[in-house]
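Visitor: I have a model open and would like to go through it with you. Can we take it piece by piece?

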Amino acid sequence: MAKTSSMYIHIDPDVKSDVENIYAQYGMSITDAINVFLYTSRNRGGLPFDLRPAVPNAETLEALEEVKHMKADPSIGKSYTNIDEMMKELLE
């Protein structure tokens with residue numbers, strides 16, 4: 001049997017309860033989930049997820065600017081109240 005080491009962590013009781021319910025759906029305990037996190041961190045040589053903020057690409061930034069202009073001047077674009085109508089025009 002592998003030797004084990006203990007860790008003691010402080011966690012918000014509400015967060016603990018929430019994640020216990022989430023991990024239980026996968027048949028895991030918090031200890032199991034922490035072990036997965038630690039093993040994956042070791043295998044990747046760092047955190048197992050990216051902490052950088054999501055940065056929109058150029059196309060998305062352009063679309064956001066277009067929306068700003070359309071909001072400032074509603075005559076620029078057409079608005080729809082019905083998704084089916086919009087999709088019909090887009091697909092024509």
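Guide: By class, the largest pocket is lined by six nonpolar, five polar and one charged residues. Keep in mind that this is a predicted model.

Visitor: Which residues line the largest pocket?

Guide: The lining consists of Thr4, Ser5, Ser6, Met7, Ile9, Ile11, Lys16, Ile30, Thr31, Ile34, Asn35 and Leu38.

Visitor: How much space lies in the largest pocket?

Guide: The largest pocket holds about 340 Å³.

Visitor: And which helix gives the most to the lining?

Guide: Helix 2, residues 30–44, gives the most, with five residues.

Visitor: Let's stay on helix 2. How many residues does helix 2 have, and what does it reach from first C-alpha to last?

Guide: Helix 2 has 15 residues and reaches 21 Å from its first C-alpha to its last. That is close to the 21 Å expected at 1.5 Å a residue.

Visitor: Which of its residues are buried?

Guide: In helix 2, Ile30, Ala33 and Ser41 are buried. Viewed down the axis of helix 2, the buried residues fall within an arc of 75°, so they line one face of the helix.

Visitor: Why would residues three or four places apart point the same way?

Guide: An α-helix has 3.6 residues a turn, so residues with that spacing point the same way.

Visitor: What do the buried residues of helix 2 pack against?

Guide: They pack against helix 1, residues 13–24.

Visitor: Which exposed residues are on the face turned away from the buried side?

Guide: That face of helix 2 carries Thr31, Arg42 and Asn43, which are exposed. Thr31 is also one of the residues lining the largest pocket.

Visitor: Back to helix 1, then. Is Glu20 buried, exposed or partly exposed?

Guide: Glu20, which lies in helix 1, has a relative accessibility of 35% and so counts as partly exposed.

Visitor: How far apart are Glu20 and Asn82?

Guide: Their C-alpha atoms are separated by 42 Å, and the two are 62 residues apart along the chain.

Visitor: New topic: where is Ser75?

Guide: Ser75 is in the loop between helix 3 (58–72) and helix 4 (83–91).

Visitor: Buried or exposed?

Guide: Ser75 is exposed, because its relative accessible area is 64%, and the cut-off for exposed is over 50%.

Visitor: What separates Ser75 and Tyr23, in sequence and in space?

Guide: Ser75 and Tyr23 are 52 residues apart in sequence, and 50 Å apart in space from C-alpha to C-alpha.

Methods:
Residues numbered from 1 in each chain as written. Predicted model: local features only at pLDDT ≥ 70, side-chain atom pairs only at ≥ 80, totals over all residues. Heavy atoms only, no water. 1 Å grid on protein atoms, 1.4 Å probe; cavity = no way out; pocket = protein on both sides within 12 Å on 5 of 7 lines; lining within 4 Å. Points joined across faces, edges and corners; volume = space filled by probe spheres on them. Helix = DSSP H or I, 4+ residues; strand = E, 2+ residues; numbered from the N terminus. Nonpolar A, V, L, I, M, F, W, Y, C, P; charged D, E, K, R; others polar. Expected span 1.5 Å × (residues − 1). Buried < 20%, exposed > 50% of the residue type's maximum accessible area, 1.4 Å probe, protein only. Arc of directions from axis to C-beta. Contact = heavy atoms within 4.5 Å.
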